[in-house]
Amino acid sequence: MNFRRLFLIATPYFWLLALFLVPFLIVFKISLSDTAIAIPPYTPTLDLSGGWASIKSFFSELDIENFIFLTEDSLYWKAYLSSLQIAGVSTLLTLIVGYPIAYGMAQSSDSWRPTLMMLVILPFWTSFLIRVYSWIGILSNEGFLNQFLQWIGLTSEPLTILNTNYAVYIGIIYTYLPFMVLPIYSALEKMDGSLIEAAEDLGCSRLSAFWLVTFPLSRPGMIAGCFLVFIPALGEFVIPSLLGGSGTLMIGKVLWEEFFNNRDWPVASAVAVVLLLILIIPIILFQRNEQKQREADQ
Amino acid sequence: MAQPGNKPVFAPWNDPSKKPLIQFKNVTKKFGEFVAIDNLTLDIYAKEFFALLGPSGCGKTTLMRMLAGFENPTSGTILLDGQDIAKVPPNKRAVNMMFQSYALFPHLSVANNIAFGLKRSPMPKQEIPARVEEMLRLVRLEQFANRKPHQISGGQRQRVALARSLAKAPKLLLLDEPLGALDAKLREDTQFELMDIQEKTGTTFVIVTHDQEEAMTVASRIAVMDHGQIIQVDTPDKIYEYPNSVYVADFIGDVNLVKGRIGASDGEKYSINWAEGQPAIKAAGPAGIAPDTECHFAIRPEKVAIAMEKPTDKPNALQGRILDIAYLGNVSTYHVELDNGIIMKAQMANNRRISRRDLTWDDHVWVSFTETAGLVLVK
Amino acid sequence: MSRKFTWFNATALTLGFAFLYLPMVILIIYSFNESKLVTVWAGFSTKWYGELMQNDAFLSAALVTLKVAALSSTFAAILGTMAAYVLVRGGRFMGRTLFSGMIYAPLVMPEVITGLSLLLLFISIGLDRGIFTIVLAHTTFAMCYVSVVVSSRLVTFDKSLEEAALDLGCSPFDAFISVTLPIIAPAVISGWLLAFTLSLDDLVIASFAAGPSATTLPMKIFSSVRLGVSPEINALSTIMISIVTVGVITASLISKRSIGQRERDEQAALKQ
């Protein structure tokens, strides 16, 4: 019986250690190494056969050169800043687009809500890549959006949207919208309807009842939704590389290019380590928000 | 408790030659700092219907879970049939349990739920269907054998749970609040059914409940628990009529408690001084309480009579004013405020339909009781 | 919430769902376009579907993807269920915090980092990259999703059911197999489906984990999409969208029907 328990715990544990934690340590280690024209393309490599002396020399050769390089080359810190900006702006826009949908869903009749719910979840099961791809045909210069705008006479010249940051915003809003709608919807749906009636009874107009009661009560849902959009958007690769242009700087794309095109593994690893450090703050804030919610629910 | 008078009385606890089926010896159970069971010693005999009664958190459920094997004592031993069961895992014990939530397996039919334990017992495969049939008959659910648990009513689920836990013919059956989820009317019927089945199968039942009426109805003996300790173990009538402490008297049924001090005493008869300028209460109690000991006088409301005139034949008569009347149908309870502000409850059976009430609010009345109607409690 | 029909809500929902579905609808319509120019309608045709069926590169990539998804989602379902059981029922053991951290971290980890780290691992231990390494990579991140789905079911699981099984003579392992597993099976299946779709979808991690010898469908789509929109990809997308839609709608109808049946059964049981 104890052997079984050990087996049960050890199997997933060692799997995750070997394929999640150890790879990270390797990334961390390589980020402290130097680029070399060799296979693998970095030094030092740990050679345990050399005994203690070689381990010591291995550690002495590790340094933070790559991290210093990241601060010196403006490409990198600009990429971080622009990732933060793009993720932040598109999170806000997703909130603005998503809130009315969640609100409308929460207010719809009981018979409609399961269907609406499924309509929100369905895109989530559909290929991410295809959903991003579907915008290329819409946003391009000869695309449907420009055709439409010219048809109604709003513009005479086609607008350049594809391969700009605007297209990236649209792509993020579109693909991450369900992550925003669902938590807000569940916060609104939990709300007691008589609260609004009480507020109106006490003299609020409908609009002020919304601002004073509904909106604050849906805040935990909004916060959760914002984190659920912001965190993955920050490291996004597919959207900027398909919809963004050469001027679109996002750190996920930089990392990819550093690794596959420049074959600079140590710098790519350093980029990854810094991205992780940046992500830790929103992740911890998100965890605390969830924790607070759970406690409030009990 | 229904013990017909002409049968030999079932009271193995009074027979020194009988060996108990279960013995708790100085058992203590701690969860971290919290002491759930505090140095408890208790014997339970074969064929008993034993009730563990107490408020939630008193340790009764922990005690039962230790018998089932889901918890192990921190110290002390538990013997089943003379054998220490500490090392025996729950699946190897001749003890079965009926869970409060019934814990019926939702993916199995009623018959398969009942057969579940049998399939894991040494019983030959071909005998299992007959045994399942027998258990279904016992709980009168023959026609529901192929239903799933969610397709039957709450009362039927309760009976399936009972049949399932009895199927392996355990030496000991544990029932954790078995009737808690049923409504009042169904609960009453089921109590008698439980007693019936217990008698038919001859299994020892240990029931955990917080419902004192339920314990009184079904049990041969009741252990009243509080804070991990047993306060009193006795038959239901003894527990009601001779509680050993204020806690038990107050927990079981309704009671008037009057605080006072022992005055004069004569063997088992005491007079209790309870208020300035009032006559001392004359009452019976255990011999040997020293004078001037602080004590409580406890008396059940139905043993207090109420009248307009001062009764001459009762040794205790106190004057007061009717504060409140609760009409409960079969009985009425009068709340009488005595001259010094103490409220005493008196209960009268409504033998006749009330065409004219002779007692009403603010009437000045006399409450009276005999010397043996109440009890002196020092604990 | 109080439910009132207002024009505001109706407009919000209409615009919102139009935004969500219009791009996909356009994609599907133009997959039946005669013209190679994807934004100009030139009449109905299914010729792009025909061309797609002739395209060996796509077909072999689809086969690789299905293999990877089938294997990795099955491993992920097994490992994820074990992990969920350990998290919810495992009690205390050495490194429990680390364990739960490793379960939740991959959910928020950018794919580029997960992919990069796995690739560096495979290289440093000298593992030949191919289908096998993609399966390893997908199993690792999908098992975390499975374990979140299964553990949320296990948390609400009435523990006395397991105790009842023990009480009736099951060993802990037998209790898991004959009581716990059948009851949590729907959660395990939805975890498996989730793992399967995640694996079908994944571009970034597969790109890192796959060597030159293996190409998955998303990788193939990505490389051809970078060159611009093509009606063949539209046709492929239409097929994928249809499969998912039919699957999701069927699943939700089945679950809706079984819930309805259950409610009727319970109503009937009350009337007895």
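Me: What does the secondary structure of chain C come to?
Reply: Chain C has eleven helices and zero strands. The model is predicted, so this is a computed result.

Me: How much of chain C is buried?
Reply: Buried residues account for 44% of its 272 residues.

Me: What about contacts in chain C between residues at least 6 apart in sequence, how many of those join residues at least 24 apart?
Reply: 78% of them do.

Me: Let's take helix α11 of chain C. What should it span, and how far apart are its ends?
Reply: It runs over residues 231–271, which is 41 residues. At 1.5 Å a residue it should span 60 Å, and the end C-alpha atoms are 59 Å apart, which agrees.

Me: Which residues of α11(C) are buried?
Reply: Among them are C:Pro231, C:Glu232, C:Ile233 and C:Asn234, and also C:Ile241 and C:Val244.

Me: What do those buried residues pack against?
Reply: Helices from two chains. In chain A they pack against α5 (113–125) and α6 (128–139). In chain C the partners are α1 (7–30), α2 (47–54), α3 (56–89) and α10 (217–225).

Me: Switching to chain B, which domains does the assignment give?
Reply: Domain 1 covers 12–94 + 170–247, and domain 2 covers 254–377. Their centres, taken over C-alpha atoms, are 34 Å apart.

Note on methods
Residues are numbered from 1 along each chain as its sequence is written. Chains are lettered from A and ligands numbered from 1 in the order in which they are written. This is a predicted model: local features need pLDDT of at least 70, side-chain atom pairs count only at pLDDT 80 or more; totals for chains, interfaces and linings use all residues. Helices (H or I, at least four residues) and strands (E, at least two) are DSSP runs, numbered from the N terminus. The expected span of a helix is 1.5 Å times one less than its number of residues. A residue is buried if 20 or more other C-beta atoms lie within 10 Å of its own, exposed if 12 or fewer, and partly exposed in between; C-beta atoms are placed from the backbone. Two residues are in contact if their C-beta atoms, placed from the backbone, lie within 7 Å. Domain bounds come from an automatic or database domain assignment.
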